[in-house]
Amino acid sequence: MAASGIKIQARRASRWGVLFGGLAAAGCVGSSFNLATQEQEYTITSTEKEVEVGRKVARQVMDEMAVVADEPLQRRVREIGQRIAAVCDRRELVYQFAVIADDDVNAFSLPGGYVFLNDGLVKKTANDDELAGVVAHEVAHIAARHAVKRYESSLGLQIVQLASLAARRGAATGGLSVAARAAQLAYARQDELEADRLAVKYLRAAGFDPKAILTFLEKLHDLHGDKAQYLPRGVVRPQYAMTHPFVPERTLAVKEALYGVADYIDYLNSPE
Ligand SMILES: [Zn+2]
């Protein structure tokens, strides 16, 4: 399956832009064992290429967004982040953590080790454990190579397009900044659930209380009640609940990771 699958994917990729096709044509499609998912995986890029793409987008995000001018808070997030990074399944990366001055409740990660938390989300967390839960979830997306692995999906394409936009500074971005687009990237359902299961593992290993993921997910439930805010041009303001949907299923996945089995009542209440 692997060999023919790669050929098809590489052909498909070549239709999408010079950079993306270039990566495939340059022989960057490789295979490696992913510790996070415990599977042999075929990825479009080497770790080096992944870091390069992620760094381009991350730099642009940092250029466009102000980081919160609160060094104790930045240090707190970095220290929590480094504790998680030290126990995660992909320790060869240099992880970077930053709190962005934005009231939207949102967090996002980029390939190569870049994790961004909005100030609005940080304010919703009650303690270090809840903050660590969000950080661990984002680190898990990176450790499991979710964005890179699904390069044939829209998420992978969007990231490569963002890197391409970031490289052409000043180029038209359809009215939206690279940072705004990066904040709207959404992972697939199975990736969200896997990130939560891995986050439980990382929190335990790093000495945080993994049950904090559940208490934070409860808050997301409340956020779902918020109406999506529409900005000019029909742009939807990204909220964590939008970029990280599937809250009831995520709660189930976390409970299973925590207790081995979820409550029977949760199965009754969960969507199909
Ligand atoms: Zn996620």
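Ground rules. The model is predicted: local features need pLDDT of at least 70, side-chain atom pairs count only at pLDDT 80 or more, and totals for chains, interfaces and linings use all residues. Residues are numbered from 1 along each chain as its sequence is written.

Confidence next. pLDDT is the predictor's confidence in each residue, from 0 to 100. The chain averages 76, and 68% of the residues score at least 70. There are 14 helices and five strands. Those are DSSP runs, numbered from the N terminus: helices are H or I with at least four residues, strands are E with at least two. Helix α4, residues 71–85, has the highest mean pLDDT of the elements, 98. Helix α1, residues 2–14, has the lowest, 34.

Where does pLDDT stay under 50? Over residues 1–29, and over residues 225–236. The model has 38 contacts beyond four places in sequence for residues 1–29, and nine for residues 225–236. A contact means C-beta atoms, placed from the backbone, within 7 Å.

Packing. Of the 272 residues, 40% are buried. Buried means 20 or more other C-beta atoms within 10 Å of the residue's own, with C-beta atoms placed from the backbone.

Now the hairpin. Strand β4 (residues 107–110) and strand β5 (residues 114–118) pair antiparallel over four bridges; pairing takes at least two DSSP bridges. Phe108 stands opposite Phe116 in β5. On β4, Phe108 and Leu110 point one way, Ala107 and Ser109 the other, and all are buried. Three residues lie between the strands, and Gly112 takes a positive phi near 95°.

Methods:
Two residues are in contact if their C-beta atoms, placed from the backbone, lie within 7 Å. A residue is buried if 20 or more other C-beta atoms lie within 10 Å of its own, exposed if 12 or fewer, and partly exposed in between; C-beta atoms are placed from the backbone.
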